[in-house]
Amino acid sequence: MAHLPILQVILPLLAAPLCLFLKRPKLVWLFACVVTALTFTISVLLVQQVTSTGVISYELGGWAPPWGIEYRIDALNAFVIMVVSGLSAVVLLAARTSLENELSSNRQTYFYALYLLSLTGMLGILATGDAFNVFVFLEISSLSAYALIAMGKDRRALWASYQYLIMGTIGATFILIGIGLMYQMTGTLNMQDLAERLPEVAQTRTVFVSFAFVVVGVCLKLALFPLHLWLPNAYAYAPSIVTAMLAATSTKVAIYLLIRFTFTVFGLSFSFTTLPLNILFLVLGLLGVFVASTSAIYQQNVKHIFAYSSIAQVGYMIVGISVGTAAGLSASLMHIFNHALMKGALFLALAGVMYRLGNVQLKSFQGLGRQMPLTMAAIVVGGLSLIGVPLTVGFISKWYLVVAMIENGWWPVAILILFGSLLAIIYLWRVVEVAYFRAPNKDNESVKEAPLGILIPTWILVLANVYFGVDTRINVQIAQMAAENLFGVAP
Amino acid sequence: MNLSLETLLQLSIALPFFAVIAIVATGRKPNLREGVSIGTGLLLFYCVVMLYNGLKQGADIQVQWLEIIPGLGINFRIEPLGMLFALIASFLWIITTVYAIGYMRKHNEVKQTRFYSFFAIAISAVMGVAFAADLFTLFIFYEVLTLSTYPLVTHAGTDKAKAGGRVYLGILLSTSILFFLMAIISTWMVAGSLAFTAGGVFAGDVNLVLAGAILMLFVFGIGKAAIMPFHRWLPAAMVAPTPVSALLHAVAVVKAGVFSIMKVCVFIFGIDLLAILPSTQFLLYLAGITVLLSSLIAMRQDNLKARLAYSTISQLGYITIGALLATSAGVIGGSMHIAMHAFGKITLFFCAGAILVTAGKSKISEMQGLGWQMPVTMIAFFIASLSIIGVPPGGGTWSKWFLLMGTMETQQWALMVILMISSLLNIAYLLPIPLRGFFPKDSIDRSAITVNEAPLPSLMALSLTTVACVVLFVYPQPLYELVQAILNTPGVANGQ
């Protein structure tokens, strides 16, 4: 039990090369599923351990921090680890069926290896308590993500992957520069150490610059408006499974990093009092919500619609962070969990459409309400959750976010947040109307319901959207605990 | 059967919902499918009547389902106002189903299974609204009602239906998310409770301007009450098949709106606080303007269903005025009008549907002389019109009487005048229809016309609701007692 923090990173890391030995796609898929399921089990155990006994500190190789690398699991990263490993596991269930039509069988082995590597990277970022280690894992997860995106059937996937590569590398480099400057000023890379030593040198220009580099670098990775340009195409042209995985997990990891650096490493008073990060985040977050939602309304490719919607949802999370209160932060954390469920469900449903139709253009959706009733119902329920209709997880996030705004006296922001939901209604209803009110296209008349291999994982996530919208013990309580812990450390 | 009242309460929400499974399963056998609908309706009505008896004997019936967020959950509790609403809706569901059998078959409507399924879900949502114990529960079922009626509005699937559905969903969802939800969260933040409480939840020293602003949010947010300028969805919803317009857009959906406003006024603000809020006056006049303007617009409509829709908007304004007057007479009048208008307007819609399927006419100008072809329908239309106008022998007489009393008590002379003018306008836009039906402008050869009425189930349904209009005039006692019980709840009418 004591080795759990490292086990959940090592497991997929070791499993990834093993994939290459198992030649048959079905076998590799089974193997990868077992690995992700195990990782998810470990993450649940971690959450249990953290909520009952508090922070877990694990010394890698027995070297005591700050010399050795420390893995430090508190409520915050245990929560996000659970989201990431859980979603990766469910999405992977759909992979075998979905890849049949999207990837030639001789490349599928590589796909699973890369998928596990990407997961390793994300879990590493989440688990580690060492700033440089963050960079290492960031590169692991990013490089494998670039390769995964490039596997898309559409030739434009290459270009999208290349764009992401450039932007992602700039982001990672910025983070590295920031970390380097921090090291220069404090002589340590351990986050707890940094948090102690940075305040002594907080008024130096070097620390300001390092902060700026880290924040901009992370914001590039999490696609905060206006640094979001890489995201829509990367999501749209990647294989459907990759889109679902990226949308459900990778931006969440970046948000985690942002929270970790601003709240733990630099500290609340530095980020929000010395520097006007709250105003900056508030404005960019709201702009992100409105610009991205409006763009979503005008898209013709359904993957693009949901990709822009993801940027908007990131905006909500940033707004929650910008308040600088425990209530706002916990609302953002809940939205990490809830948004992962919504977007996982929606993009898996799109994987089903992709499987049957070979594309996800809006005009091809004509008549699908009749032909693929379960897939379209999944989109409707996932969409309602995205809008924030009661009894879905989306409502829970909206509720806490608005309450946090009002508590802080930000009435206009509260209204703007609700207004953002209206834009979501518009872009979703375009999809619903086409699917339910148009007669099928001539060449789509024989289309049938998506295969069970995709349908089952999709509906697992759809039902989770409803279940966690009603039984909020996990998503609300752990998020609140994590937020309060962060504020307890840095009052 | 020996079911506890709590079980009955849960059954009355669950029954119509689970009836959907049976409706879908029997989809290929229309007779069986409609049998399921009517059977469920009868069972539901039985449950509600049992609950009514329990309530009369003074039982406090409440159930908690879930707690979603600490302090917020799905809770039900029965009180007289909700009882009234549930009785009306469950009773009229049976009648409407009978009517729909005749209408939908004669009209050769498609996808009838889907129609009956969503209809049942909508009724389930109405029961949830009626029995909700707090604003949060009310809001959830309010939204379910909006979403479940969307497929009914767009039933025809044509471009026109789609456009209507867009307006319908657009206005109802946006007002509810933007204003209603905001009002609920604000109430939660200011008062710390969302439970419907006799005398209101706000503390005595609440900031009046803030509470006034919240009241505005509520009145605009409850878009189903169709207060101008958020009334456009109701005429837009008229693209739906007539049974939908009849039950949902004359009874269930719109009454869910005014019912929610009534609940908010009496049990969230409390009539004492309501009377001194700065925005009450403004909202009263806004409701008055809605009454007057929509009556005027109704006069200009040649499409019968559109005219009835604007008439509904105007009558909803009466109920909102009743709630906002913040006096006993206003609450009694408004609550009674929920019932009176329900029976009157559903009859009118039934008639409109009967005329459409039998004579194929939807324009008023084409209905001259129709009375000799469809005498029962036209007489029913005449009687129901009288009830809407508020003259004997229609039940609407009583509710309008109390509403006028309310305006006098509070010395709202302008409103009193508005209500009276509006009643005159009601005469002007409703009565010519049956009168011209029997006495057309150009004389016609009566011997050439044979009586050709709507299908028997439809005819039975509309006769029954017509009789109910008259019965409510002759024997309004049970209704009055039920409404009076709202005010007898301790704490509701302290200051009067």
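Why does A:F111 count as buried?

A: This is a predicted model, in which local features need pLDDT of at least 70, side-chain atom pairs count only at pLDDT 80 or more, and totals for chains, interfaces and linings use all residues. Residues are numbered from 1 along each chain as its sequence is written, while chains are lettered from A and ligands numbered from 1 in the order in which they are written.

A:F111 counts as buried because 24 C-beta neighbours lie inside 10 Å of this residue; the term buried asks for 20 or more other C-beta atoms within 10 Å of a residue's own, against 12 or fewer for exposed and the range in between for partly exposed, with C-beta atoms placed from the backbone. The residue sits in helix α5 (residues 105-127) of chain A, where helices are DSSP runs of H or I of at least four residues and strands are runs of E of at least two, numbered from the N terminus. Leaving aside residues up to four places away in sequence, A:F111 touches A:L99, A:L103 and A:M151, a contact being a pair of residues whose C-beta atoms, placed from the backbone, lie within 7 Å. A:W29 is 82 residues apart from A:F111 along the chain, and the C-alpha atoms of the two are separated by 9.7 Å.

Turning to the chain around this residue, 62% of the 491 residues of chain A count as buried, and the chain holds 21 helices and two strands. Its radius of gyration is 21 Å, close to the 23 Å that the globule rule gives for 491 residues, so chain A is as compact as a globular protein of that length; the radius is taken over C-alpha atoms, and the rule is 2.2 Å times the number of residues to the power 0.38. The C-alpha trace of chain A spans about 70 × 55 × 40 Å along its principal axes. Among the contacts in chain A with a separation of 6 or more, 80% join residues 24 or more positions apart.

Chain A also meets chain B, in a contact that takes 19 residues from chain A and 18 residues from chain B. On the side of chain A, the elements that give two or more residues are α18 (393-407) and α19 (411-437), and α19(A) provides the largest share, nine residues. That side divides into 16 nonpolar, two polar and one charged residues, where Ala, Val, Leu, Ile, Met, Phe, Trp, Tyr, Cys and Pro count as nonpolar, Asp, Glu, Lys and Arg as charged, and the others, Gly among them, as polar.

Conventions: Contact = placed C-beta atoms within 7 Å.
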